[in-house]
Protein chains: 2
Amino acid sequence: MYRYKITFAYDGANFSGFQIQPHKRTVEQVLKNAVNKIAKNPDPEISVIGSGRTDAGVHALNQVAHFDIPYKLSNESMRKALNSILPLDILIKKAELVDSDFHARFSAHRKTYRYRVDQGEFVDPFKRNYTSHYKIPVDVELMRKASQDFIGEHDFTSFVASGSQAKSNVRTVYDIQIRRDPANNEVVFDFTGNGFLYNQIRIMVAFLLEIGSKQRPVDDVKRVLAAKDRTQARMTAPANGLYLVEVDYGSTDKNIDEQ
Amino acid sequence: MYRYKITFAYDGANFSGFQIQPHKRTVEQVLKNAVNKIAKNPDPEISVIGSGRTDAGVHALNQVAHFDIPYKLSNESMRKALNSILPLDILIKKAELVDSDFHARFSAHRKTYRYRVDQGEFVDPFKRNYTSHYKIPVDVELMRKASQDFIGEHDFTSFVASGSQAKSNVRTVYDIQIRRDPANNEVVFDFTGNGFLYNQIRIMVAFLLEIGSKQRPVDDVKRVLAAKDRTQARMTAPANGLYLVEVDYGSTDKNIDEQ
């Protein structure tokens with residue numbers, strides 16, 4: 001068997017998330033169908049292992065997965081073969097033959113997610129699936145200041161959705177960048193960490209927006225992290241503004257992502 | 001009865017075009033449903049008259065329509081009432097009470113359409129519904145030069161699709177702008193005229209792309225216009241790159257649009 005790592009983008013608008021579910025169109029299912037077609041439908045079927053799940057409506061610029069296949073193709077032939085089968089809302093950007101100890105999920109050691117917030121007065125029909133909409137003007141400086149309290153290793157119990165199956169809520173956030181994109185009238189958040197809990201980024205974004213619009217004090221992140229109580233950070237920003245930007249395999253640290 | 005002019009944007013991806021058709025989701029039908037709901041479902045139903053049709057997949061930034069309704073609302077109340085009913089892929093940008101001699105189609109005297117062409121190596125999943133894809137590099141200067149031969153009053157018989165019901169194929173093109181959008185790796189065409197025939201812009205774009213990629217000589221527009229023969233300009237660029245940008249009612253010239 002040959003193990004391939006694939007790096008791919010998808011528009012999450014018409015997918016019921018990454019993970020296979022009965023009777024739903026999911027990214028994992030569509031990829032699995034394509035890989036098995038290339039492998040001439042072997043029994044048992046080939047599985048595709050993603051770096052982590054994404055929810056319905058969440059997008060990816062560079063998601064990563066791996067699979068084992070009994071045929072050896074050049075990287076370029078594998079990329080082309082997959083793209084020729086896949087629908088237009090998934091694009092394989094890279095396919096690489098890798099060592100059999102590479103694992104898309106366990107070998108990942110950091111991930112970067114982006115969250116786009118449109119500040120227009122109305123929901124732009126062309127952005128309805130690609131940004132969330134928050135028309136209250138926000139103070140980016142305030143949010144930057146507050147976001148620094150998320151940096152480092154913390155127990156994110158206050159910032160995880162109830163469906164999480166994580167054994168531990170301790171995660172490390174390495175970096176948060178927040179910038180205005182004036183051309184698109186957006187505020188864009190980039191989060192890098194060793195892994196994120198279920199809905200953690202969407203809850204952190206909603207929290208920062210409350211700080212940016214002065215509905216919470218700038219030092220509220222510290223208090224709510226310490227509280228370890230999900231009811232303290234009530235809101236979750238919608239899925240449609242979230243993008244998995246990058247999965248980094250530069251070290252052998254374990255990835256513990258659940259986003 | 002009170003006549004309202006509405007200016008609105010729509011993402012054409014999930015519409016079977018503008019015009020009402022049985023069992024299809026169309027812009028006209030969705031608007032008509034909303035207007036009749038506001039008017040408490042009168043019998044006979046209120047009609048919504050657009051400035052012109054757009055095909056399935058074609059978008060609008062500022063389409064215009066009018067309707068007559070027995071209730072007088074402030075412009076702002078009318079805009080809000082419609083937006084509160086309409087789905088998120090249509091946005092009413094403006095509603096204006098107008099004189100009863102205003103007619104969205106017959107009062108229009110010029111229209112501007114945009115066509116976006118992505119030059120990336122692959123189809124970007126996030127652009128699949130919003131640009132056409134043409135990966136052969138094109139020479140914008142050559143296309144600009146060629147496009148000048150479309151300016152003015154011409155018989156566009158060579159540049160109209162076979163489904164056209166126009167009595168005359170004579171139209172006036174006032175302006176064509178072609179520019180690179182390097183940030184998005186796109187070439188963007190803007191066409192302004194007194195009206196465009198069925199598929200005229202998409203056929204002109206495909207023709208200009210053939211010139212830009214040196215598959216036709218730069219002076220071929222003149223020859224093909226003179227031929228008055230649709231088989232000379234064979235290709236039609238896809239619907240998904242086309243946007244109705246503006247309908248101008250500044251004069252009383254008749255609009256004769258069929259795009």
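**Two chains and what lies between them**

Q: What makes residues of chain B and chain A count as being in contact, and how many are there?
A: Contact means heavy atoms within 4.5 Å. By that rule, 19 residues of chain B are in contact with 19 residues of chain A.
This is a predicted model: local features need pLDDT of at least 70, side-chain atom pairs count only at pLDDT 80 or more, and totals for chains, interfaces and linings use all residues. Residues are numbered from 1 along each chain as its sequence is written, chains are lettered from A and ligands numbered from 1 in the order in which they are written, and side-chain values use heavy atoms, with hydrogens and water left out.

Q: How much area do chain B and chain A bury between them?
A: About 1,700 Å², with 71% of it on carbon and sulfur atoms. In chain B, the residues that lose the most area to chain A are Pro125(B), Phe126(B) and Arg128(B). Together they account for 38% of what that side buries. Buried area is the accessible area (1.4 Å probe) that two parts lose on being put together, summed over both. The size of an interface is often given in this way, as the accessible area lost when the parts come together.

Q: Why is the pair Arg128(A) and Asp89(B) called a salt bridge?
A: The rule asks for a side-chain nitrogen of Lys or Arg within 4 Å of a carboxyl oxygen of Asp or Glu. The closest N and O atoms of Arg128(A) and Asp89(B) are 4.0 Å apart, and the pair forms a salt bridge. Across the interface of chain B and chain A the rule finds four salt bridges.

Q: Which elements give two or more residues to the side of chain B that touches chain A?
A: They are strand 1 (2-10), strand 3 (59-69) and strand 4 (90-98) of chain B. Strand 3 of chain B gives the most, with three residues. Strands here are DSSP runs (E, at least two residues), helices are runs of H or I (at least four), and both are numbered from the N terminus.

Q: Why are Asp118(B) and Lys127(B) called buried?
A: Buried means under 20% relative accessible area (exposed is over 50%, partly exposed in between; 1.4 Å probe, protein chains only). Asp118(B) has 6%, so this residue is buried. Lys127(B) has 13%, so this one counts as buried too. The two form a salt bridge, with their closest N and O atoms 2.6 Å apart.

Q: What do the side chains of Arg216(B) and Glu210(B) meet in?
A: They meet in a salt bridge, at 2.7 Å from N to O. Both residues are buried. Arg216(B) also forms a salt bridge with Asp220(B), at 2.8 Å between the closest N and O atoms. Asp220(B) is buried as well.

Q: What is noted about phi of Asn199(A), and where does this residue lie?
A: Phi is near 65°, a positive value in a residue other than glycine. Asn199(A) lies in the loop between strand 9 (186-193) and helix 4 (200-212) of chain A. At 9% relative accessibility, Asn199(A) counts as buried.
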